[in-house]
Amino acid sequence: MSLPNLTPELRRQRIAARVVHEMNQGYYVNLGIGIPTLVANFIPPDMEVVLQSENGMLGTGPYPELGQQDADLINAGKETITEIPGSSFFSAAESFAMIRGGHMDLSILGAMQVDEEGSLANWMIPGKLVRGMGGAMDLVAAAKRVIVAMEHSTKTGAPKILKKCTLPLTGYQVVDTIVTELGVIHVRDVGLVLAELADGVTFDDIQGVTEATLLASPGLREMKG
Amino acid sequence: MNKEIATAEEAIADIRDGASIMIGGFGLCGIPENLIAALVASGPRKLHTISNNMGVEGFGIGLILEAGMIAEHTGSYVGENKIMERMILAGELKVNLVPQGTLAEQIRAGGAGIPAFYTPTGVGTMVQEGKEVREFDGKKYLMERALKADFALIKAWRGDRAGNLVYRKTAQSFNPVMAPAGQITIAEVDELVEIGEINPDQVMTPGIYVDRIFESPFSERRIERLMVRGGEK
């Protein structure tokens, strides 16, 4: 095993920096809570991407300067944010009509578990934790593309990419791509295809911390950063 | 038509034990703070609350929960309310967790006279249990029923005495969706103006949906997570 010994912060940064390569000019994107929120920091200034916040806003801007915060202007993570030129506000029904109607190009969200079939779980651990699904079930059911951005293993080192999710699902067979600090994995009909490996990580390294079986892509290459 | 009512206390005086109540807002943003406070002071029990979130401990809709007034709750997110999470895990509160978009559409449909609808959300998950699954054009959908309530308590930025409402920024959220779904809809506004002062082109909720309206004397407008450039404060 030669897994890189990164701090949690570095792992999160690396994941966010890689996910941004999945965006294209003109995309409408919903970013979930946690690592996906960090992705906004890596969008190149010359790429126009409109970020949606499912509480009812298109075109979310950066955090406000201290003193400029507005209690009426928050994202779905309940954080204070700002408007940018071209922003719009709308109701919860409109927000989810937009999501359910398949208008979002990309939904990026975190997960507790993902499996070989592209199902994911991120809203409850029976008997231990009830977070609620919020908007995640709608997002994964209808976005054109669903990317899970998460750390490869749990805090205790247990695998999160499984043969079959054991927690209550957020979506059944909905994930297209998984990005972790160790690599990029696409969910295909044949199974989980490893497309990119982080610098210094071998196939055996990543398979060793993954319960599901990984298939090496013929074009397997180093992870973009 | 004048729907103005003097105080929050008067506005909620006929909410009795067992009532179903929708409460607008998202987290602590855009919630009818004065109506919540008046409801807690009035103290009806065995309520069925419908709201996206349950606020936080000690503020927002969480206050109604902590006062022991809720028998059943329908919402999409528990997240920030640890008391609610503990009560759910201990089996002390009947909770219907619903995907947020399904909740919004159930409420919209309730106010729009649509008894049920099909949605792709939740297919193959726990949400599917006990529901009709139907295929349209090769894709599976769940049938979801509409939601209505005895009362809808909502918050707007400006309103006139006829009940026409305008919302501000993300304080809109569930408020305009709930306005048509309450048997009696009560709007709390930051600024109550004369009829004619709101440009008809700018009205976001037409007054037909609003039964009672009052200007809030004070709102704390608490920020749940203050984030500023350079990190959380």
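Which residue in β7(B) is the bridge partner of B:Ala116? The model is a predicted one, and in it B:Ala116 is bridged to B:Arg145. That bridge belongs to a strand pair. β5(B) and β7 (residues 139-145) of chain B run antiparallel and share four bridges.

Now widen the view. The pair sits in an open sheet of three strands in chain B, ordered β5-β7-β6, with antiparallel pairing. The edges are β5 (116-119) and β6 (133-136) of chain B. Each has a single partner strand, so one side of each lacks a neighbour in the sheet. From one strand to the next, the twist averages 40°. A helix packs on this sheet: α5 (residues 100-112) of chain B. Helix α5 touches β5 and β7 of chain B, and its direction makes about 155° with that of β5(B).

Chain B also has parallel pairing. Strands β2 (residues 47-50) and β3 (residues 70-75) of chain B run parallel, joined by four bridges. Within this pair, B:Thr49 stands opposite B:His73. β3(B) also runs parallel to β4 (residues 94-97) of chain B, again through four bridges. Here B:Glu72 has B:Lys94 as its bridge partner.

Turn to chain A. Its open sheet has 10 strands and mixed pairing, in the order β4-β3-β2-β1-β5-β10-β12-β13-β14-β15. At the edges are β4 (83-89) and β15 (214-222) of chain A, each pairing on one side only. Neighbouring strands are turned by 25° against each other on average, direction ignored. Inside the sheet, β1 (residues 28-31) and β5 (residues 106-109) of chain A run parallel over three bridges. A:Leu31 stands opposite A:Ile108 there. Helix α1 (residues 8-19) of chain A lies across β5, β10, β12, β13 and β14 of chain A, at about 140° to β12(A).

Finally, the cores. The largest nonpolar core has 54 residues. Among the members that touch the most others are A:Ile108, A:Val148 and A:Ile178. Strand β10 (residues 146-149) of chain A gives the most to this core, with four residues. Leaving aside neighbours within four places in sequence, A:Ile178 contacts A:Val114, A:Val148, A:Met150, A:Ile161, A:Gly183, A:Val184 and A:Ile185. A second, separate core of 40 residues includes B:Ile5, B:Ile15, B:Leu65 and B:Leu142.

Note on methods. Residues are numbered from 1 along each chain as its sequence is written. Chains are lettered from A and ligands numbered from 1 in the order in which they are written. This is a predicted model: local features need pLDDT of at least 70, side-chain atom pairs count only at pLDDT 80 or more; totals for chains, interfaces and linings use all residues. Side-chain values use heavy atoms; hydrogens and water are left out. A nonpolar core is a set of buried Ala, Val, Leu, Ile, Met, Phe, Trp, Tyr and Cys residues joined through side-chain atoms within 4.5 Å. Buried means under 20% relative accessible area, exposed over 50%, partly exposed in between (1.4 Å probe, protein chains only). Helices (H or I, at least four residues) and strands (E, at least two) are DSSP runs, numbered from the N terminus. Contact means heavy atoms within 4.5 Å. Two strands pair if DSSP finds at least two bridges between them. Axes are lines fitted to C-alpha atoms, for helices over the stretch in contact, and angles run from 0 to 180 degrees between N-to-C directions.
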